[in-house]
Amino acid sequence: MKKSYQYNPSLTEILWTIVKLIRDLLSLLSPRLAERFYSFCSKHLPKEETKDRGVLRYAPTVKEEVKIITPPEEKPVKPSVSAPPVPPLKREELRVRIEAQPYIDRGPLLPEHYGDDRIVALVRDPHCIFVYWDLKGFKSQEILNYHKGPKYWSLRVHHFGEDAYYGVPINVDARNWYLWVTDDKGYIIDLGFSTQHGEFLTLASSNPVQTPRAGTSREYAEYWGFVFREFKKATPEGVTWVSPGGRWYEGWLFEAHVPGSPILQTQRKEQGK
Amino acid sequence: MPIGYLAIILHTHLPFVKHPEHEEFLEEDWLFEAVTETYIPLIDVYQGLLDDNIDFRITMSLTPPLCEMLVDPLLQDRCARYINKRVELMEREVHHTRNTPFHNTALMYQQRLSKVRYIYEDVYKRNILDAFRKFQSAGKLEIITSAATHGFLPLMLTEDAIHAQVQAGCNNYKKHFGKLPKGFWLPECGYRPGIEAELKKAGVEFFILDTHGILHGSPRPKYGIFAPILCPNGVAVFGRDVESSKQVWSAKDGYPGDWNYREFYRDLGYDADYDYIRPYLHADGVRRNVGIKYYKITGNVPLSDKQPYDPNAAREKAAEHAGNFMFNRQAQARYLSEHLGIKSIIISPYDAELYGHWWFEGPQFLNYLIRKIACDQQELKLITPSEYISENPKAQIVTPSQSTWGDKGYNEVWLNGSNDWIYRHLHKAEERMIELANSYYNAEGDTKRALNLAARELLLAQSSDWAFIMTAGTMAPYAERRTREHISRFITLYEQIKKNQIDLTWLQDIEYKDSIFQEIDFRVYAKLQKL
């Protein structure tokens, strides 16, 4: 049978709605008159029904009793393979098992946040970046106090050196998110919200991260060098060798810092065949 | 003349677990089990080889927390107690199993444990680090180090924190072995480009990565994983060999799954009568593994259908497998020498605890393998990575790719829903530690004590083991507790130092509990030191 969800008010209910309407109108003229009218109606009309409409508009103020649901008793399933022989449980052992159960120490509670505005990105694998954030700093609190209207929170995922980005709508209270990305690329992630006027406000920017390569490199050039400690031992005579490709190279390492990078550069000198 | 080399690398690590506040502590057993089942059997194997004048090379990465635990007097006492209890149990068991099919096995355990006790107590006076030092100076063993507390470097926020982990690790190596390490085991083989710069500062010559860390490097490595590559700054990198790894690691297809080998999950701690086994359990009396196992794997059968273990059959199997392993490596070396035209190196890294603790016959396997390689053939030779570098200092320059040896090859094991909450706190602690180290660079007295302790707490919290255990699930509450405890101690110290109100009684208590790295200098976190 199809159940109707339409709300059908009873006659008394309609009557009482009218009574209340009249009372409200009367109260505009004279509150005392309205009160008299209402008490008269209460005496002579059939009593008002309180009907559960099946829709909970507001949270109940009184705590409802918690129903304890007991799971249906499991029927013992006959094991397909015989279990290892369980030695008979001694009284002492039973006591021990019961006592050993409840206490699990998970350590002291840590602060919920450290009062910062920050977002940090960490690489999980070539296709996934994890970000966590906190917006408890002075700056973001000020911005949030200023913008009272609706906010559409999102993460903006920027590629290094490109203007392009894409947005990922988020729930800002989640405080962390896993983002799906492309391998072998650099990313910076901005956290912010769009106001109802379409303006995007960045509250925090992440550290740059580089996702790993998920396959082999496209570069084939060969550079050769010496293990740094063996380098000095090997070079005084000016070592030359034939690379497996058949060309002569003289190679060496020299230490030169590339600005902003800890990686040292290598140089190769081609000597011809 | 050999045509190829084999480097066996045993990664030997345990997190720092010491609870002096408790008379006995469950997680401390990790160390005692490893000492009894892995480290001392390995020492026994090395000693036998040395006595028989057999040339061998093994590389072991003894991590700083493990070294610190091995020399800790309290843990040494407790380890001796653990071994004594096992010896006592076996003496009872030998009588108990008379006229049963388990008697031979019981005798084997009894002899073995008595020997373990003899080596631990009488030969090395409870300090088995001496043994490893001895084999190192004999030129047979190369000991390399790792990050201070085995912190997972790719997920650290600042370079300074990576620097501190590397530097503190190398300093600790110097304390225990009297020189600087040539090699470095990146915790979990976790690498991201840039880490090699910190290694070079510490004077490290080489480190080891998982296969794809090399193969996905740029430019493409010409010899793949069969020759080391150089990072652009001149630090050498070796890559893990897939084939030899699978043969030993895999529980299904690998050697340890052979049906004659000992079954790990059928333990006397669960099988014996409760009253009988009660004195050998922990104070809480819950049944747990006691390390005595009488059954063999038998086949794909339920635990109840396992058959009695036969030590002799298992030993023969280990010899057979050692022969097979060598044969395969020879074939590999021959193939590589034909096709690549170089003396290739096959890198086989394993967790040391695999040998002995998980795979009971592992040390015997190693023993046979080393003897066979030394005596039965000429093509293959054991080598350590640093010897290989001295012989072949020239290598292709390749920037390795970010990788780990964990499940799926990247960081997911240490960064997922079960443990991602820790990084928020760890990163903040990193930044605060750097701030403290820079602003209190010249601190003296109690402030210095507190700063050193703060550095220790941060290092301990960073240990990759906690994140790993949270992912694995078993013992997760302990890992959570350790992470929270160290971070919360760090926060307290930070606040006390900032307010200049150091609670000395509390400080002393924590110093006593977290007694790792007595030599630590908090200035490893300072920027000034690096200039």
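Reply: One place to start is a nonpolar surface patch of about 380 Å², made by Leu11(A), Ile14(A), Ile18(A) and Ile22(A). The model is predicted, so local features need pLDDT of at least 70 and side-chain atom pairs count only at pLDDT 80 or more, while totals for chains, interfaces and linings use all residues. Residues are numbered from 1 along each chain as its sequence is written, chains are lettered from A and ligands numbered from 1 in the order in which they are written, and side-chain values use heavy atoms, with hydrogens and water left out.

Me: Why does Ile14(A) count as partly exposed?

Reply: Buried means under 20% relative accessible area, exposed over 50%, and partly exposed in between (1.4 Å probe, protein chains only). Ile14(A) has 40% relative accessibility, so it counts as partly exposed.

Me: How do you know that Asp24(A) and Arg23(A) form a salt bridge?

Reply: A salt bridge is a side-chain nitrogen of Lys or Arg within 4 Å of a carboxyl oxygen of Asp or Glu. The closest N and O atoms of Asp24(A) and Arg23(A) are 3.4 Å apart, and the pair forms a salt bridge. Asp24(A) is partly exposed because its relative accessibility is 40%, and Arg23(A) is partly exposed because its value is 25%.

Me: Why does the pair of Glu412(B) and Arg124(A) join two chains?

Reply: Their closest N and O atoms are 3.6 Å apart, and they form a salt bridge. Glu412(B) lies in the loop between strand S10 (394–397) and helix H15 (421–439) of chain B, and Arg124(A) in strand S1 (residues 117–125) of chain A, so the pair joins two chains. Both Glu412(B) and Arg124(A) are buried.

Me: Which parts of the chain does the pair of Lys115(B) and Asp44(B) link?

Reply: Their side chains meet in a salt bridge at 3.2 Å, N to O. Lys115(B) is in helix H4 (residues 103–123) of chain B and Asp44(B) in helix H1 of chain B, 71 residues apart, so the pair links distant parts of the chain. Lys115(B) counts as partly exposed because its relative accessibility is 41%; Asp44(B) does so because its value is 29%.

Me: How many salt bridges does the whole structure hold?

Reply: A search over all chains finds 46 salt bridges. Asp105(A), Arg481(B), Glu485(B), Arg489(B) and Asp514(B) are linked in a network of them.

Me: What makes strand S3 of chain A mostly covered, and which strands pair with S3(A)?

Reply: In S3(A) (residues 152–159), 6 of the 8 residues are buried. Two strands pair if DSSP finds at least two bridges between them. S3(A) has 8 bridges to strand S6 (residues 186–194) of chain A and 5 to strand S4 (residues 165–169) of chain A, antiparallel to S6(A) and to S4(A). Arg156(A) stands opposite Asp190(A) in S6(A), and its bridge partner in S4(A) is Gly167(A).

Key:
Helix = DSSP H or I, 4+ residues; strand = E, 2+ residues; numbered from the N terminus. Patch = residues over 30% accessible without salt bridge, like charges linked within 9 Å, V, L, I, M, F, W, Y side chains within 5 Å. Areas by Shrake-Rupley, 256 points an atom, 1.4 Å probe, with all protein chains shown as cover.
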